Amino acid sequence: MIRPKKSRLISSFSEWFDSVLRKAEVYDYGRYPVKGMGVWLPYGFQIRKKIIEKIRDLLDETSHEEVLFPLLIPDWMLKKEGEHIRGFEDEVYWITHGGLEELDQKLALRPTSETIITYYESLWYQSYRQLPKKLYQIVSMFRYETKATRALIRLREVTTFKEAHTLHENYYDAERQAREAIEIYKEFFDTLKIPYLISKRPDWDKFAGALYTIAFDTLLPDGKTLQIGTVHHLGQSFPKAFNFKIQLKDGSYDHPWQTSYGISDRVLATLIAIHGDDNGLVLPPSIAPLQVVVVPIIPSNKGIKGDVNKYAIVIVDELNKNGIKVKLDDREDMTPGEKYYYWDSKGVPLRIEIGEREFRENTATIVRRDTLEKRVVNREGLIEEVKVTMKMISQNLYDTAWENMKKRIHRVDTPEEAKQLLNKKEGIVEIPWCGREECALKIMDSIDAKSLGTPWPSEKINGGKCPICGRHAVTVMRYARQY
Ligand code: ZN
């Protein structure tokens, strides 16, 4: 399948991204006097709602239960787990005053919820019989980011944090849960036609307080990777910190095991960056608030204006009855060309043009947003044609996105080759690795990139040597320039 080439220069990716957000009226960013915070606009909010519906459905179907915990977490609670607070310390927003009074106890704006949830779990659960327990919430979270903030990519208020927290009687059940979470996220990103690479983060880069972290990364058009989801096996560290034990089957008591996993506003950033083109957004039909827009073209022969409009209305009604989200754009103060531009920028998957010719010949002209391909179809077969074309659009977005990512993952033997590729914005490199931290750190330094981790599920390689120490390589380590 052919798609219109993205003519945008890679070097201007960020300008392009910001202009799409503005043009499509998704998110107003950069004008608020508080850094790292923006406003969801009505159209952006509708897409956000569709994304939330998808993840909520997937979590509900797998016995997760939605809850809502307080936004403010007291100082002592957040500090309970030593490693956790060390990992977040420099990113926490603190509330120190209530009105004019100084609070006796500082309150944190939720940077994540492991501590507050463990605190409540310790009050609610006493026995293995009550487990497993899978909770989730969709909330704002706050991080005082010190790196340059960016719309939907690096925010100080993440407004759509979908965080899940689970509790288990043993290590293996928590591990099984981490695998289920990975499957859920795969399905979620597949629905959005977002390609991903799953890596086990190296120990020096895992979530603060976790046994291990599995991360989903995607590749943006400028050659940098973006972390779009993480799954953590938390072990027993939080229950230990809260002195929280449960009774096991054999009557003994032990600390329960936990996992947590989350996805942020970056989902929409990725959707825009990966599928969009010079004309603006390109949305997969399953997530588009509007799937089809019908534009009547007022004929020069004014005598049949009414007939053309009526014909368009009948088509809109029929699409509606068939469960297709459709809108008639009969605004009279805009030319058809202006309307095409308007809806193209918003990424509506299909446009139907109805003019005098369509009316007389009992046809409709349909235009695909992804390929901009135009076709005249018969009135009788229109509904079927719309449905089939939407499927083709989905498949095309999926195939193109995966293809673009896969061709920019390179397996190389030396840091020199890796650096050359990364300098050319060629995405992700995989280098044989002996498993020792010091070698990976040396490579990161020499190629000016970060490690994404090792492939998940784990991948043994035959042959290959660590280019730093010359030892036999046990796997590969992935590196990329990252957001
Ligand atoms: Zn080595």
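Which residue in β19 does Val-367 stand opposite? I looked this up and found Lys-374.

**Ground rules.** I am working with a predicted model, in which local features need pLDDT of at least 70, side-chain atom pairs count only at pLDDT 80 or more, and totals for chains, interfaces and linings use all residues. Residues are numbered from 1 along each chain as its sequence is written, and side-chain values use heavy atoms, with hydrogens and water left out.

**Domains.** I checked the domain assignment of the chain (bounds come from an automatic or database assignment). It gives domain 1 (10-275), domain 2 (292-392) and domain 3 (409-480). I then looked up the C-alpha centres of domain 2 and domain 3, which lie 51 Å apart.

**The five-stranded sheet.** Helices (H or I, at least four residues) and strands (E, at least two) are DSSP runs, numbered from the N terminus. Strands pair if DSSP finds at least two bridges between them. I traced an open sheet with the order β16-β15-β17-β18-β19 and mixed pairing. β16 (326-328) and β19 (374-378) stand at the edges with a single partner strand each, so one side of each has no neighbour in the sheet. From one strand to the next, the twist averages 25°. For such angles, axes are lines fitted to C-alpha atoms, for helices over the stretch in contact, and angles run from 0 to 180 degrees between N-to-C directions.

I went back to the pair from my opening question. Strand β18 (residues 363-368) joins β19 in the antiparallel sense, over five bridges. Next I asked what lies across the sheet. Helix α12 (residues 382-406) lies across β15 (292-296), β17 (350-354), β18 and β19. It runs at about 10° to β18. Contact here means heavy atoms within 4.5 Å.

**Strand β7.** I looked at burial next (buried is under 20% relative accessible area, exposed over 50%, partly exposed in between, with a 1.4 Å probe and protein chains only). Nine of the ten residues of β7 (residues 133-142) are buried, so the strand is largely enclosed by the rest of the structure. Strand β3 (residues 65-66) pairs with β7 in the parallel sense over two bridges. There, Glu-66 stands opposite Tyr-136. Strand β8 (residues 157-168) runs antiparallel to β7, joined by nine bridges. Lys-133 stands opposite Leu-167 in β8.

**Helix α8.** Is α8 enclosed or open? Ten of the ten residues of this helix (residues 266-275) are buried, so α8 is largely enclosed by the rest of the structure. Among them are Arg-266 and His-275.

**Salt bridges.** I counted a side-chain nitrogen of Lys or Arg within 4 Å of a carboxyl oxygen of Asp or Glu. The count comes to 27.

- Arg-201 bridges to Asp-217, with the closest N and O atoms 2.9 Å apart. Arg-201 lies in the loop between β9 (197-200) and β10 (212-219) and Asp-217 in β10, so the pair ties together parts 16 residues apart in sequence. Arg-201 is buried at 4%, and Asp-217 is buried at 1%.
- Lys-305 meets Glu-332 at 3.4 Å, N to O. Lys-305 lies in helix α9 (residues 305-321) and Glu-332 in the loop between β16 and α10 (336-345), so parts 27 residues apart in sequence are tied together. Lys-305 is partly exposed at 25%, whereas Glu-332 is exposed at 60%.
- Arg-436 pairs with Glu-438, the closest N and O atoms being 3.7 Å apart.
- Asp-344, Arg-351, Glu-353 and Lys-374 are linked in a network.
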